[in-house]
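Hello,

Here is the structure I promised to pass on to you. Please open it beside this message, and take your time with it.

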Amino acid sequence: MAYEHILVETKGAVGVITLNRPRVYNALSMALIAEVGQAITAFERDNTIGCLLIQGSEKVFAAGADIAEMANKEYAELFMSDFPNLPGDGWDALESRRKPMIAAVSGMALGGGCELAMACDFILASETARFGQPEIKLATMPGAGGTQRLTRAIGKAKAMEMCLTGRMMDAAEAERSGLVSRVLSVEELFGEALKTAELIAAQSRPVTLMIREAVDQAYETSLAAGLKFERRAFQSSFAFEDRSEGMQAFVEKRAANFRHR
Ligand code: CO8
């Protein structure tokens with residue numbers, strides 16, 4: 001598969017997607033979104049891949065949807081294609097994937113860029129990372145999860161302020177507020193993100209998928225229903241042969257040899 005707006009690499013069991021439109025701050029054109037969707041779908045189908053990683057450059061993650069491309073769009077067109085989804089691929093591939101996906105953010109992640117990072121399972125940031133939902137300055141609003149995921153991640157007060165004013169949050173504030181899991185130096189970020197993805201890919205895949213589903217339940221349901229979901233999932237992990245291998249290896253003081261990686 002040839003990609004024009006992203007770089008796609010396989011590094012061991014990690015599928016790496018690098019946004020690559022440096023001239024326009026990695027603006028997320030429809031073609032780029034389609035390519036990200038296609039790359040995710042290909043990695044989902046590839047049994048050798050256990051974790052995905054999406055990143056920009058040291059300078060920028062992504063400055064949002066491509067404003068020049070969006071400027072003349074009409075409502076009917078957006079509605080029919082269900083933008084930012086695109087029939088067959090696009091944003092829904094990101095939302096519906098089952099494999100874990102990390103975002104490594106250095107520089108700005110604005111608008112759709114912030115939403116793309118938040119649609120991943122967690123964000124690792126460099127000290128130069130900045131997050132924002134500046135759509136209001138264009139007289140539009142977040143359209144790919146910004147009002148929902150930002151609010152869940154950092155709470156109503158900060159999310160409301162950011163969406164209503166376009167104020168950006170720096171890496172330190174993002175870490176304090178729970179938007180990112182860790183802040184690293186620019187030099188460390190991409191290496192550490194890859195190492196983290198490799199660590200996840202080395203675990204037993206079925207239980208990795210199950211843990212993702214269970215954590216995501218915390219966003220979707222009541223505490224009682226979430227706890228019940230977790231308990232049933234925990235119990236059913238005992239049906240995996242990797243679970244008995246994992247525990248047996250611990251007891252025998254040796255490395256586990258999981259069948260499903
Ligand atoms: N779209 C298109 N082109 C862009 C974008 C963008 N989002 N951001 C930057 N560029 C281009 C500029 O037009 C400029 O191009 P050129 O050299 O041809 O003039 C080049 O990148 C460099 O930009 P600047 O000269 O502006 O560089 P600065 O360092 O002065 O500023 C900023 C960098 C702060 C990133 C600034 O460019 C900016 O504010 N960009 C727009 C940010 C924004 O408003 N983002 C939200 C977009 S709307 C959105 O995301 C809606 C989400 C809905 C769902 C989306 C799903 C993908």
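Below is what was found in it, starting with how to read the values.

This is a predicted model, so local features need pLDDT of at least 70 and side-chain atom pairs count only at pLDDT 80 or more, while totals for chains, interfaces and linings use all residues. Residues are numbered from 1 along each chain as its sequence is written, and side-chain values use heavy atoms, with hydrogens and water left out.

Let's begin with the ligand. Around the ligand there are 24 residues, where being near means having a heavy atom within 4 Å of it. The closest are Y25, A63, A65, I67 and G112. By class, 16 of the shell residues are nonpolar, four are polar and four are charged. In this scheme Ala, Val, Leu, Ile, Met, Phe, Trp, Tyr, Cys and Pro count as nonpolar, Asp, Glu, Lys and Arg as charged, and the others, Gly among them, as polar. At least two shell residues come from each of α2 (67-70), β8 (108-110) and α5 (112-118). Helices (H or I, at least four residues) and strands (E, at least two) are DSSP runs, numbered from the N terminus.

Which atom of the ligand lies 2.9 Å from a backbone N or O atom of A63? It is a nitrogen atom. For A65, a backbone N or O atom is 2.9 Å from an oxygen atom of the ligand. A polar backbone atom of G112 also sits 2.9 Å from a ligand oxygen atom. On its own the ligand has 1,100 Å² of accessible area (Shrake-Rupley method, 1.4 Å probe), and the protein covers 65% of that.

Y25 has a positive phi of about 55 degrees, although it is not a glycine, and Y25 is in the loop between β2 (14-19) and α1 (30-45). The peptide bond from F83 to P84 is cis, with omega near 10 degrees; P84 belongs to the loop between α3 (75-81) and β5 (85-86).

Finally, the domain assignment gives domain 1 (6-202) and domain 2 (205-252), with bounds from an automatic or database assignment.

Happy exploring!

Notes:
A polar contact is a pair of N or O atoms within 3.5 Å; within protein, one must be able to donate a hydrogen and the other to accept it, and residues adjacent in sequence count only if both atoms are side-chain atoms.
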